[in-house]
Amino acid sequence: MHQVEIATTRESLLDAPEMTLNMGPQHPSTHGVLRVILKLDGETVMDLDCDIGYLHRGMEKIAENRMYTMIAPYWDRLDYIAAVSNGLVWVETVEQMMGLDVPPRAHYLRTILTELNRIASHLLWLGTHALDIGAITILLWAFREREEILKIFERQFGARLTCHAWRVGGMPNDAYDEFESDVRQFINNFPKRIDEYETVLSENRIWLSRTVGIGVISGEDAIALGLSGPALRGSGVAWDIRKSRPYAAYGEMDFEIPLGENGDTYDRYLVRMEELRQSRRIIQQAIDNLPDGPVNAKVPKLIKPPVGDYYHSIEGPKGEIGCYLVSDGTQQPWRVRVRPPCFINLQSLRKLCIGHLVADVVAIIGTLDIVLGEIDR
Amino acid sequence: MLFALLAAPTLIDTLLLKFFSEQTVNYVIWPFIQIGLVTVITTGWVAYATYLERKISAFMQARLGPMRVGPWGLLQPIADGIKLLTKEDFIPENADRWIFFVAPYIAVVAAFVVMAVVPFGPDWAVITDVNIGVLFVLAVSSVGVLALILAGWSSNSKYALMGALRSSAQMVSYEVSMGMAIIGALMFARTLSLSGVVEAQASDSIWFFFYQPVGFVIFVISGIAENNRAPFDLPEAESELVAGFHTEYSGFRWSLFFMAEYAAMVVVTAVATTLYLGGWYFPFVYKLEVAGYHNLYVAVSVIVFLTKCGLLLYLYFWLRWTLPRFRYDQLMDLGWKWMLPAALINIVVTAIGVVVIQGLHNPTGMRTIKSLAGGLGLTLTGKAIAIAFGFGNLFITAGVLSLINWRSRDFNLKKQRHKIRLVDLPKGKPAVAPIAAASE
Amino acid sequence: MPIVPVPKPTFADKLKRFFMVDLLKGMRITLAYNIGALTDKDAVAGKGIYTEQYPKVRPDVAPRFHGAPRLNMDPETHDTLCIACNLCALACPEDCIDVIPMDVEVVVAGKARRKKVLDEFIFDTSRCMFCALCQEACPTYCLELTQDFELATYSRAGFVWNREMLEQGRETVKYTS
């Protein structure tokens with residue numbers, strides 16, 4: 001197995017005492033309640049430790065005492081920024097365990113709304129990442145686009161953020177009346193906006209100085225650490241669950257995967273910006289080819305998957321989000337385990353940050369795109 | 001109404017002369033009135049600079065900014081001031097009390113005192129015209145660095161100390177290049193007095209910006225770094241050190257630091273306007289003086305000056321809300337390896353330019369110099385040569401800086417941007433649960 | 001810090017670097033936004049101002065919005081539509097609903113029968129997730145989540161709503177200025 005080399009603390013030449021700095025749970029740029037303890041030599045990070053658990057709510061335990069349909073609203077609160085994907089992984093796990101056939105219209109609508117959700121999550125990532133590095137205006141512009149998406153979610157699902165979007169077997173309601181025109185209006189405006197963000201950031205020398213060569217991880221190390229999502233693709237590894245094990249309507253969509261070269265922050269940034277464009281392409285295809293029909297499969301009155309276990313994962317905006325479900329044949333699951341992409345991506349923080357300056361730690365936390373709701377559950 | 005206002009100075013003068021001797025009136029009372037006016041204008045300008053920053057940044061971000069307090073939010077600075085005055089005043093436990101008290105006051109004083117020598121207008125619109133005005137400005141604004149260090153040290157907090165040390169190192173580095181950049185303009189002005197500089201530009205009907213484009217750019221960039229404003233605001237970047245040297249300050253003391261920062265911005269814009277953008281001089285305003293409306297001439301000149309300051313202030317806001325911030329080592333790199341050599345090259349090239357102009361001056365043949373009375377007055381030929389040297393300097397500086405920094409990392413921006421590749425992976429098979437398949 | 005290979009800059013790149021072309025391009029967009037904020041009316045596709053000045057301007061809430069709960073009544077008879085079936089309480093993941101039935105004597109086809117009707121309905125909005133499972137469970141479309149989102153109160157007890165509050169709705173102060 002590939003051994004990951006992590007730089008250990010070295011003896012500083014002048015034997016000066018190293019300073020321990022606590023980027024505490026309340027900090028403007030540790031996206032959520034993350035506590036990072038840094039051991040610094042001047043400004044260089046010698047060692048790093050993460051302290052998590054401030055947002056632990058016992059979701060997996062709660063799930064053991066709820067029925068399958070009731071668990072879905074809790075799952076939105078995992079990665080609360082991209083709640084629709086979380087709901088999708090839960091619902092798909094249960095559907096696949098029970099062998100239900102979801103109608104194609106539901107698959108297409110799921111694809112459209114999940115891709116909108118991916119765009120919303122990437123926009124928030126872009127805004128906060130740029131904010132941490134200093135370009136504050138991008139946050140406000142990204143939130144304006146995100147607001148449009150959240151309006152679509154509100155009109156479709158009834159809630160903006162924690163949507164409770166899907167039900168086992170399909171969707172609770174069909175697309176609302178102006179769904180198509182709203183989505184088309186959004187995807188018509190969107191390329192211009194991406195170009196605006198890219199003009200301000202992608203060729204900006206300050207941005208490049210802050211992100212090129214920062215937080216480099218090679219492809220083999222990334223696979224060894226279990227990274228997934230844009231963090232993995234930024235290092236050049238071609239792996240996307242939408243392609244390798246298609247779910248919803250991705251099997252019929254035509255899109256490409258952006259791959260980075262060096263595995264630094266700038267590559268991950270470029271990968272996510274390109275994913276915004278590819279998501280838009282997917283939505284365009286899906287809304288052009290939206291089939292008619294019902295949006296709900298025939299689901300038994302009581303949802304009781306057969307006895308056994310099953311793991312299903314989808315490509316969430318932050319990486320591979322998975323659900324391992326152990327069912328004992330009753331109406332409540334025996335054990336549910338979430339494979340949280342942000343938690344696993346966060347494990348690489350130590351390797352990425354050692355050797356860099358304090359100012360880079362903030363950039364690296366931003367590039368990993370972490371959401372504490374998912375890390376702590 | 002306007003004429004009444006403009007006749008006011010003469011009326012007040014006659015009134016005062018009835019009660020006091022002429023010497024007292026000219027050397028004590030008028031200066032106090034001027035100081036009062038300048039303080040009011042500066043404080044008002046600083047307060048409304050905060051309002052303008054919020055509004056302009058809001059417009060750049062597609063939002064509205066302050067709108068609730070007063071029409072269009074115009075009373076927002078007053079509301080902020082009242083709020084800060086009524087906040088709890090607390091001092092951290094092991095802080096050094098007296099230094100903690102004194103540090104904000106030093107910062108504010110250092111920023112405001114400089115306004116005493118800045119020429120707002122021609123005749124009575126400058127409080128005092130010190131012979132060594134430029135030196136005075138540089139010296140007094142350096143005192144502001146002291147305030148930073150004292151604040152960081154006395155707060156007894158790791159974050160504050162780190163922020164203060166970084167801030168002060170940054171400010172000192174950029175002061176060097178600021179001072180060096182000024183020398184180029186002074187070669188044309190031939191005096192250190194700020195009013196003299198403006199008069200040199202006025203009498204020659206040109207702004208020194210045309211002679212010294214590189215100097216202007218270096219001065220502005222160094223000024224922005226001097227003020228700890230973006231893109232050089234790492235020491236007070238919220239995302240890292242919470243607030244740098246003023247982390248532990250709250251309420252009125254914090255508002256003093258805030259005012260000191262904006263006052264320092266006003267100072268840098270004022271000095272930049274004076275040295276490079278012609279100060280209160282604007283091409284056709286002199287006709288008012290010729291026509292006899294002296295006070296109106298002064299008033300319009302003050303408005304011209306404030307407008308130019310306003311434009312440079314807009315540049316400050318524009319840069320802050322567009323550009324990301326530099327990391328500390330990149331910042332220091334910029335100050336010592338780019339700004340300072342550029343400033344030195346500027347001095348050398350300008351000096352060569354002036355020598356060439358003086359050398360080519362032949363009272364019977366080509367005449368380049370008009371007069372050497374107030375500043376270097378040049379004829380049209382002389383001006384052309386000076387402008388050519390000024391803009392040629394751009395390319396010389398570009399070349400020499402690239403040579404000096406040949407090892408620094410430079411980017412091929414277009415290629416860097418497009419280096420990700422798009423691949424189309426072969427589609428796999430959708431997931432099927434083995435249980436469901438088995439139970440069918 | 002590992003050194004990452006970057007493509008070599010060309011001469012044009014060096015000139016562009018000196019004249020700060022990349023920074024100026026970004027600044028041009030910000031300037032366009034600044035001017036657009038004053039002149040452009042289109043906020044969604046253009047550069048206009050996107051702010052909605054709540055509470056002066058009431059927001060456009062979607063019809064499906066999961067807001068405050070309400071017990072609907074029959075429009076003609078003003079009787080409650082609730083049949084005390086308890087399905088909403090069973091569907092709720094958070095156990096916020098308490099349906100208290102009572103037995104009532106009713107004459108049906110000449111015979112006296114006992115019918116279960118609703119006595120009291122307790123809904124704890126402080127525990128509610130607004131997931132709308134209760135709304136979906138209700139067979140008579142009685143329990144509905146409305147578009148009211150201003151649910152703040154001054155006391156914890158104020159979050160627990162009884163039948164009367166659910167039927168008549170709460171009088172909220174609408175801020176208009």
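Colleague: How much space lies in the second largest cavity?

Modeller: This is a predicted model: local features need pLDDT of at least 70, side-chain atom pairs count only at pLDDT 80 or more, and totals for chains, interfaces and linings use all residues. Residues are numbered from 1 along each chain as its sequence is written, chains are lettered from A and ligands numbered from 1 in the order in which they are written, and side-chain values use heavy atoms, with hydrogens and water left out. A cavity is a set of points, on a 1 Å grid over the protein atoms alone, where a 1.4 Å probe fits but cannot get out; points are joined across faces, edges and corners, and the volume is the space filled by probe spheres set on them. For the second largest cavity that comes to about 90 Å³.

Colleague: Which residues are the closest to the centre of the second largest cavity?

Modeller: Its lining, meaning residues with an atom within 4 Å of a point, holds 15 residues. The closest to the centre are Cys82(C), Cys85(C), Cys88(C), Phe121(C) and Cys138(C).

Colleague: How many nonpolar residues does the lining of the second largest cavity have?

Modeller: Ala, Val, Leu, Ile, Met, Phe, Trp, Tyr, Cys and Pro count as nonpolar, Asp, Glu, Lys and Arg as charged, and the others, Gly among them, as polar. By that sorting, the lining has no charged residues and 2 polar ones. The nonpolar residues number 13.

Colleague: Which helix gives the most to the lining of the largest cavity?

Modeller: The largest cavity has about 370 Å³ of space, and among its 25 lining residues the closest to the centre are Met171(B), Glu226(B), Asn227(B), Ala260(B) and Ala264(B). Helices 4, 5, 6, 8 and 10 of chain B each give two or more residues to this lining; helices (H or I, at least four residues) and strands (E, at least two) are DSSP runs, numbered from the N terminus. With 8 residues, the one that gives the most is helix 10 of chain B.

Colleague: And the pocket: how many charged residues are in the lining of the largest pocket?

Modeller: A pocket is an open set of grid points with protein on both sides within 12 Å along at least five of seven lines. The largest pocket has about 1600 Å³ of space, and of its 50 lining residues the closest to the centre are Arg205(A), Phe326(B), Leu334(B), Met20(C) and Leu23(C). Helix 13 of chain B gives the most, 8 residues. By class there are 36 nonpolar residues, 6 polar ones and, for the charged group, 8.

Colleague: Is Glu53(B) buried or exposed?

Modeller: Glu53(B) forms a salt bridge (a side-chain nitrogen of Lys or Arg within 4 Å of a carboxyl oxygen of Asp or Glu) with Arg320(B), the closest N and O atoms being 3.2 Å apart. The pair joins helix 2 and helix 12 of chain B, 267 residues apart. Under 20% relative accessible area means buried, over 50% exposed, and in between partly exposed (1.4 Å probe, protein chains only). Because Glu53(B) has 3% relative accessibility, it counts as buried.

Colleague: Which residue forms a salt bridge with Asp47(A)?

Modeller: The pair links distant parts of the chain, with Asp47(A) in strand 3 of chain A and its partner in helix 13, 303 residues apart. With the closest N and O atoms 2.8 Å apart, the partner is Arg350(A).

Colleague: How many of the residues of helix 7 of chain B are buried?

Modeller: Helix 7 covers residues 194-204 and is mostly covered. Among its buried residues are Leu194(B), Val197(B), Val198(B) and Asp204(B), and the helix is followed by Ser205(B), whose phi is positive, near 55°. Of the 11 residues in the helix, the buried ones number 8.

Colleague: Is Gly292(B) buried or exposed?

Modeller: Gly292(B) is found in the loop between helix 11 and helix 12 of chain B. Its C-alpha atom is separated by 32 Å from that of Val266(B), 26 residues away along the chain. Because its relative accessibility is 55%, Gly292(B) counts as exposed.
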